[in-house]
Amino acid sequence: MIKRIFILTLIAITFTNCKETPTTNTDVVEVAVVENTYVKDNYTKKEVMIEMRDGIKLHTTIYSPKDTSKSYPVLLKRTPYSCRPYGETEFSSKVGPNKYLMEEGNIMVYQDVRGRWNSEGVYDNMRAFIPNKTGNQIDEASDTYDTIEWLINNVEHTNGNVGTYGISYPGFYATYSVLSGHPALKAASPQACIGDFYFDDFIHNGAFLLSYWRATSVFGYMKDKPTKEAWYEFPDIGTEDQYQFFVDNMPLSKLDGYYGEDNVFMEQIKTHPNYDEFWQSRGIIQHLKDIKPATMIVGGLFDAEDLYGPFNTYSSIEENSNNYNSVVFGPWSHGDWARAKDRQVIGNIHFGDNISDYFQKEIETPFFNHFLKGDANGNTKLPEAHMFDTGKKEWVSFDAWPPANASKKSYFMQPYQKLTQKANRMIATSNFVSDPRKPVPYSEDVKVVFTPRKFMTDDQRFAARRPDVLIFETEVLEDDTTLAGDILAKLNVSTTGTAADWIVKVVDVFPADTETAEDNEDIQDHLKLSNYHMLIRSEVLRGRFRNSMTTPEPFVPNQKTGVNLKLQDVFHTFKKGHKIQVQVQSTFFPYIDANPQTYVDNIFEAKEEDFKAQTHKVFNDSSIEFTILQN
């Protein structure tokens, strides 16, 4: 029973992004299955095993409209998270990307990818793409091709057009589908799509996302035959204080007792700490060239898991293909746009009402209908880039992303916590002591989460008031300032140790004036929006990779060293009366694992004695480069 609850929780988190409490997720999913009979009333269900070119058979579930008076396109989602519920008499509560596409009628197809759940074969996490396959060589592109070929030749009432979609890992498979080369594939919408596991989800710029440690169970344990039941379990950490659990289990080797070597994915993470051939071969971004199907990349501006993937998927296709390619980013956490809820809230911040419904009805549905049902050569009437300004809380359309009227502007990290557009010629430093045994929390909340999300808009006052966090902020803004694109922190630093992580956060400081602070029903009881320090973007770089992700190197103690750190794109207006703040720190725990600050070749093999407090300095010629929208 416990195993079943966790599996339902995972599916809910991944696709519907329900609240983080596991029992709440489970309740939502189970109630929906019981109460909603629309699919059963309007669709037939068929389960088949489709044979791939190498003889392996993949479980495929096909929902077809009962109205057979017309033909329909196929909407295909390939997933590692199961086609549940199994059985031709058991119906899902909803099918397809959204209710509008479901209600107007489409052939909805789900497939367990190779080696997962009820499919045959061996699973390979982020299976590498083979550009020039010969004979019976397979990858996810060939499996997609073989699946589409079977569907258009064996499913009745198709119009011959296929679209693919998916969120998170299924989004990766949607990206992979455009490499299949099948002529029936006309449109694909990779959403929160993984682009490279070394920069998405489990690792960010060489730093291990410790907060995702439990999730390695999902991908790490192999099975030897098709199954409709979960074959993996999650470790019980025995506490509600996740921060303290991971502090007590430092160094990382202490966690080995929770997993054996049969957790293949965890072993891969531990034995490949650098961006070597293992990781490079599994990235999909570098293969996105000469793409033919129309693509619409979707993401959430507050997605803690997959920002690198969707932004780089869009830009790579844009640079290397001539297809229809568009991008949509809203005020969402992971997968929020697929949910049906009135109020769009991330953490303590309310962004508006019916935002996801707007996307589903006015953006996603017209995209698929145009390329699968309409004139694919005509004007879609959809923008190239449809982006949500998370400061003004409104949608804005652009002909390109980043916008053509955006330019780079640098702000300098000056003494006395100043962030200015001119550098002080005086040589000075801002110093702090970083102790990996007392790391800066990524959130002040005390709870266990499966994967962290809420913190992406959290109040950062608790961090700004710590001595091991540097802050630099502008004067009160006299005019609105809109950031529209990526951010590059150009740090000049030194450390008394030989290793360090560098975390940079961009924060919107709200006015302290109580008359302008409009508290809402969503804010936590202990907080006020007066002087709220809203996190806009954060990122980490494991300092050993400052010059190369493939060739790590230690710091020379007390030597001034350049460290450049790219933060993923934002679209946010800092309003008149607000302030722009930058925070610099070296721990972000346990979102990121703690760096021992003594250089070791592999942090997973660090010893307790390697963890030492060190003094870090940030020189006042350090800067942060924003992409600023011009009026």
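## Exercises on a predicted protein chain

Proline 590 sits in the loop between β23 (579-585) and β24 (614-619), where helices (H or I, at least four residues) and strands (E, at least two) are DSSP runs numbered from the N terminus. The model is predicted, so local features need pLDDT of at least 70 and side-chain atom pairs count only at pLDDT 80 or more, while totals for chains, interfaces and linings use all residues. Residues are numbered from 1 along each chain as its sequence is written, and side-chain values use heavy atoms, with hydrogens and water left out.

**Exercise 1. Decide whether serine 168 is buried or exposed, and describe its backbone.**

Step 1: Serine 168 has a phi near 70°, which is a positive value in a residue other than glycine.

Step 2: This serine 168 lies in the loop between β5 (158-167) and α6 (169-177).

Step 3: Its relative accessible area is 4%, and buried means under 20%, exposed over 50%, and partly exposed in between (1.4 Å probe, protein chains only); serine 168 is therefore buried.

**Exercise 2. Repeat the reasoning for lysine 393, using its relative accessible area of 39%.**

Step 1: The phi of lysine 393 is near 65°, again positive in a residue other than glycine.

Step 2: The loop that holds lysine 393 runs between β13 (385-389) and β14 (394-398).

Step 3: With a relative accessible area of 39%, lysine 393 is partly exposed.

**Exercise 3. Describe the protein chain as a whole: how many helices and strands are there, and what is its radius of gyration?**

Step 1: The protein chain contains 13 helices and 25 strands.

Step 2: Its radius of gyration is 24 Å, close to the 25 Å that the globule rule gives for 631 residues, so the chain is as compact as a globular protein of that length; the radius is taken over C-alpha atoms, and the rule is 2.2 Å times the number of residues to the power 0.38.

Step 3: Of the 631 residues, 62% count as buried.

Step 4: Among contacts (heavy atoms within 4.5 Å) between residues at least 6 apart in sequence, 78% join residues at least 24 apart.
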